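Please walk me through this structure.

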Amino acid sequence: MPYEPPRPDTPSEAVIDYLGERDPEADAFWRAILTGESKLAPSSRLGRAVFRHLPSEPRCKWCYAPYGKPFGPILSRLGYGRWEKNPSLCRVCMNYMDSNQGGAEVDLAVMFADLRGSTEIAAGMSAGAYTRLLNVYYGIAGAAVQAHGGIVDKYLGDGVLALFLRGYCDGDPAATALEAALTILRQVAVDPDLPSDRRPLPVGVGVHYGIAYVGIVGQAGQPTNFTALGDAVNVAERISSSALAGELLASEAAMVKLAARPADAQARELRLKGVSEPVAAWSLRP
């Protein structure tokens, strides 16, 4: 039977230990948002009905407010510009969620893309040139994630963490995360904005499918963040750290979500730091 994570109705003990007892109504509210059963506030529902007809991509993952011209600059003045902490979401939606702090445990796919040998790369370039290189890399990864319905959680030095949630992907979360990962690996080999002597950029990617707590993390009145916490995130990060340059490592839990396994996929057994049992995975290259 394909692996299908259970859909928890109550927070796990690990989440309760980390965040404290949760409000059942808040959990239900967030689960509806994260699974796509709810489209946030009435203003966001109205926004979706209108904004989806306005060009152009990219746009807010929840209310569909476009960021590009011609309407993006106008909506930005009304508060619908990119949220500084996460360009996948607009400020209006994040302000609404921030005022309804919470989250829920949901199934999702987690993707880590990491630049290999970044210390050595940086040592051979000026600080400005290295920054420009990273910005191109971030742009490639961010565009691939958004094009496949994912959300950029954060940029981590030389890495990118992305979440693929059931309610907002264009298909199965794991399948879309895998395609986004392969898109990144293809693009870092050919993107003309990368210096010719840096192509292909040595990027390794890991994808895992499981359950994580997703929502607003932080105390009211203090800096907060929309992110994911839990074993699924940790395993995805560990898998990514095992991937070679130009390689996508996908857990078995993610691979079983594909309609057909690629013929060139190679089985791997990973022993990951902090994970007691070996993790079955598959190696893919674009």
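Q: Which residues touch the most other members of the largest nonpolar core?
A: This is a predicted model, where local features need pLDDT of at least 70, side-chain atom pairs count only at pLDDT 80 or more, and totals for chains, interfaces and linings use all residues. Residues are numbered from 1 along each chain as its sequence is written, and side-chain values use heavy atoms, with hydrogens and water left out. A nonpolar core is a set of buried Ala, Val, Leu, Ile, Met, Phe, Trp, Tyr and Cys residues joined through side-chain atoms within 4.5 Å. The largest one has 45 residues, and those touching the most other members are Met-111, Tyr-137, Phe-164, Val-203 and Leu-248.

Q: Which element gives the largest share of this core?
A: Elements that give two or more residues include β3, β5, α8 and α7. Helices (H or I, at least four residues) and strands (E, at least two) are DSSP runs, numbered from the N terminus. The largest share is eleven residues, and it comes from α7.

Q: At what angle do α7 and α8 pack?
A: Axes are lines fitted to C-alpha atoms, for helices over the stretch in contact, and angles run from 0 to 180 degrees between N-to-C directions. Helix α7 covers residues 127-147 and helix α8 residues 173-190. Their axes lie 9 Å apart, and the angle is about 145°.

Q: Is Phe-51 buried or exposed?
A: Buried means under 20% relative accessible area, exposed over 50%, partly exposed in between (1.4 Å probe, protein chains only). Phe-51 has a relative accessible area of 8%, so Phe-51 is buried.

Q: What kind of aromatic pair do Phe-51 and Tyr-80 form?
A: Rings of Phe, Tyr and Trp (its six-membered ring) pair if their centres lie within 6.5 Å; planes under 30 degrees apart count as stacked, over 60 as edge-to-face and the rest as tilted. Phe-51 is in helix α3 and Tyr-80 in helix α4, 29 residues apart. The ring centres are 5.1 Å apart and the planes stand at 80°, so the pair is edge-to-face.

Q: Which residues form one aromatic cluster?
A: Tyr-138 and Tyr-155 form a tilted pair, with 4.5 Å centre to centre and 35° between the planes. Tyr-138 lies in helix α7 and Tyr-155 in strand β4. The cluster consists of Tyr-137, Tyr-138 and Tyr-155.
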